[in-house]
Amino acid sequence: MNAKKIASMFLASCLLLPSFGMLAGCSGEEVTILKVYNWEEYIDEGGEGSYLYDLALEEEVPEKEIVAPRIIDDFEVWYEETYGEKVEVSYSTFGTNEDMYNELKLGNVYDLLCPSDYMIMKLANETKEDGSPYLEKYDESFFDPDIETNYYIRNVSPYIQKQFETNAGLDTPAGEPQWNEYAAGYMWGTTGFVYNPEFVDAEDLEEDGWQIFVDPSVKGKITAKDNVRDTYFAALGVTFEGGENGLSDLRKRFSEGELTQEEYTKAITKIFNATDEDTIAKVEPYLMDIKENIYSFETDTGKADMVNGTIWLNYAWSGDAVYALDEAETPEYDENGDPIEGSELLLNYYVPEAGTNLWFDGWVMMKDVVERGTKKAAQAFVNFMSRPDNAMRNSYYIGYTSVIAGENAEMLDYVDWLYGGEEENEEDFYDLSYFFGEDEGTVGIYSDEEQRTCRQLFAQFPPESVIERCAVMDYYRKDASERINELWSRVKAETLDAWAIIVICLVVVAIALFIVFVKFGGKIDFFRTKPKKGYHRV
Amino acid sequence: MKVPRFSRKTLCIPYGVFLLFFVLVPMLVILFYAFTDDKMHFSFENFAKFFSDPTKLSTIVYSLVIALVTTVVALLIAYPVAYILARSNIKKKYVVLMLFVLPMWINFVLRVNAIRELFNLISQADGLDWLSNANYFKTIFGMVYDFLPFMILPLYTTMMKIDNSLYEASADLGGNGFTTFARVTLPLSVPGIMSGVTMVFLPSMTNYVVSDMLGNAKVTIIGKFIYTYFGNDWHMGSMIALVLLIVVFLSTWLTGGFKADETVRGTNL
């Protein structure tokens, strides 16, 4: 055992102390503890505002009688009913993929994790200190659609399934695993901009595309993400939007039929995942311009700043965008319970024409499920969350889009319930066939133009025309990771000229010497001042 | 049966254990990580990288400057307050003092968030829109606001202890207000200044919650840097933490924070 292992085991045991107490608490009966590690606010937590609650409200059940439990509690009940065994979910959350990765590196053990695409790849490719892999593959039987309780494989969108089977077109080196061996999808979406149409003209935005980040007309009114992944991605968009073989050029050639979908996806995926030194050198000045032009780097304040009007544009994940749109259009109420006029705000969502990021979050099992005997419960958890009614509950609660389409396209009814228009005009048809794996133009809902082009429906269930110009993020390999981190620290921090650093260091040393002089001056003969003439020391 | 000996030293055991596991061991872990590479081999690579990277050195300098300005501003505000409070004859002094300390009872993230919203509101007014991009100003404002009580309290307690007869003696010898201040109050309140400065200067070098929320994450101080590096490169993160530790140690030593002599005791919170 090496020193790192000991150190990390010590740290891990400090963090794990609470869970020992829990294990001891239920020694009376055989209870499986399933440790789930998910994003913050990424699951139905019941209560007011949850799907069941709002459904009951719609059916005019008196508020006091509404029961809307947490979905995790429902899972525990369902598991016991289905398998006759008790399971207890120990649920904890993380804020970023990197935080989660650090927890694992420290030696913490969970059964189920919910990382994003690039982190799934990283975990699948890396091993722990002792050489054992991080992740466990799903059972073959998990993917057998004939088993009644295999809700995941029975209900997952064929489109998503295909993305998982092909690593969404990433150019991964031979021998690297496919996502679908290790991961079952949970949520997915795009990255784009939430904007306030009162200040930002949709046409200007379309003309700008990624260049909006460096457009002086929105100086101080736009935000970027405070993580290198998303902001570097955006900067790549800004840098390579124009020019020959740039994003716009590729887009044009694709729409003219010169490129196939596969060639086009490959080409933009390559651009959006470039981390070589030349690219970084090209991107860096643009990143600096972005920093100059934006109001803030943020991870969670963007939604609030958007709603209260501090900013006009917020670079956001589609689920957060839906949340912000919902929040902004909900009116405030006065003391009589009447909506205050003008308190609601209509925000829109926009995806750059030249292409953007398509991302997935998926459930992966840690290798330790084998030893802990929790593999069955872990797979059951994924299946339970994939049952269409449960997928709707989660999706409704958090605003993100579930990967579940439903055996009989159950999700379509849900989308229709949320965003469907009253009339069925042909020009109002919103095509979602790709997601449900049907022929073009056969499956969709009728909705008004705003929903179709720039509001919640567009953000939550992007049309195929958005999806086809998206690229998935690959993970940064070792040396690339270091280059990107250095770049990020140069962007985030101010760098002084060498002479300025030297001058300041000299000043600091001078101050330090001065203090030393004051402190010890009296005690050292050399510094002692001689008494003035005419005085005698007493 | 032998009765187990119970001495006063036994009472130190809980704290000793705490000290060992949550102060000493983590520091050793940081030291270990700072001087190893990914393969856990001893290496000076991070050390060399740190001191040859102008960005990292600049960040240290920026943090020092931000902390310095914060401390000076806090001192300028706190000193008169503490002086007036200590010298006045207000009957319920502690009520006024409490008003200054009261904000500390509310969670500080909450307070910083409130200031953020306040700034957002103010900057919507005409002619004040420069505020929305005045990130350094807002960061320092937030830090001063946050750490002001830590400056007032030690100053107040030190000044309370100054014997009134000293002021009388100064007046008897013909010293005017200024002379009394310069020759009596100021020298005798130096221990209070020192502990106040220590308590404001050090945390404001690392308090990145303020710089993230009020500086819109466009102000990067060394604390944030450590946090970011720990996201993917623990070795460099540890090295930065170690350098910071040394800077902190030196400044504490220079300002006399380790002295346990009579005048300082009780003024350190």
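Predicted model: local features only at pLDDT ≥ 70, side-chain atom pairs only at ≥ 80, totals over all residues.

Biologist: Which helix is Ile30(B) found in?

Modeller: Helix α1 of chain B, residues 13-34.

Biologist: Is Ile30(B) buried or exposed, or partly exposed?

Modeller: Partly exposed, because 17 other C-beta atoms lie within 10 Å. Buried would take 20 or more.

Biologist: Switching topic. Which residues have the most contacts inside the largest nonpolar core?

Modeller: Val194(A), Ala324(A) and Phe381(A), in a core of 144 residues. Strand β5 of chain A, residues 183-195, gives the largest share, eight residues.

Biologist: What is Val194(A) in contact with, sequence neighbours within four places aside?

Modeller: Its contacts include Met306(A), Ala324(A), Leu347(A) and Tyr349(A). There is also another core, apart from the largest one, with 52 residues. Ala86(B), Leu153(B), Val197(B) and Ala241(B) are among them.

Biologist: Now the interface. How many residues of chain B are in contact with chain A?

Modeller: 23, and they meet 29 residues of chain A.

Biologist: Which element of chain B gives the most to that side?

Modeller: α3(B), with seven residues. α1 and α10 of chain B also give two or more residues.

Biologist: What's the make-up of that side of chain B, nonpolar, polar and charged?

Modeller: 10 nonpolar, 11 polar and two charged.

Definitions and conventions:
Residues numbered from 1 in each chain as written. Chains lettered and ligands numbered in written order. Core = buried A, V, L, I, M, F, W, Y, C linked by C-beta atoms within 7 Å. Buried ≥ 20, exposed ≤ 12 C-beta atoms within 10 Å, placed from the backbone. Helix = DSSP H or I, 4+ residues; strand = E, 2+ residues; numbered from the N terminus. Contact = placed C-beta atoms within 7 Å. Nonpolar A, V, L, I, M, F, W, Y, C, P; charged D, E, K, R; others polar.
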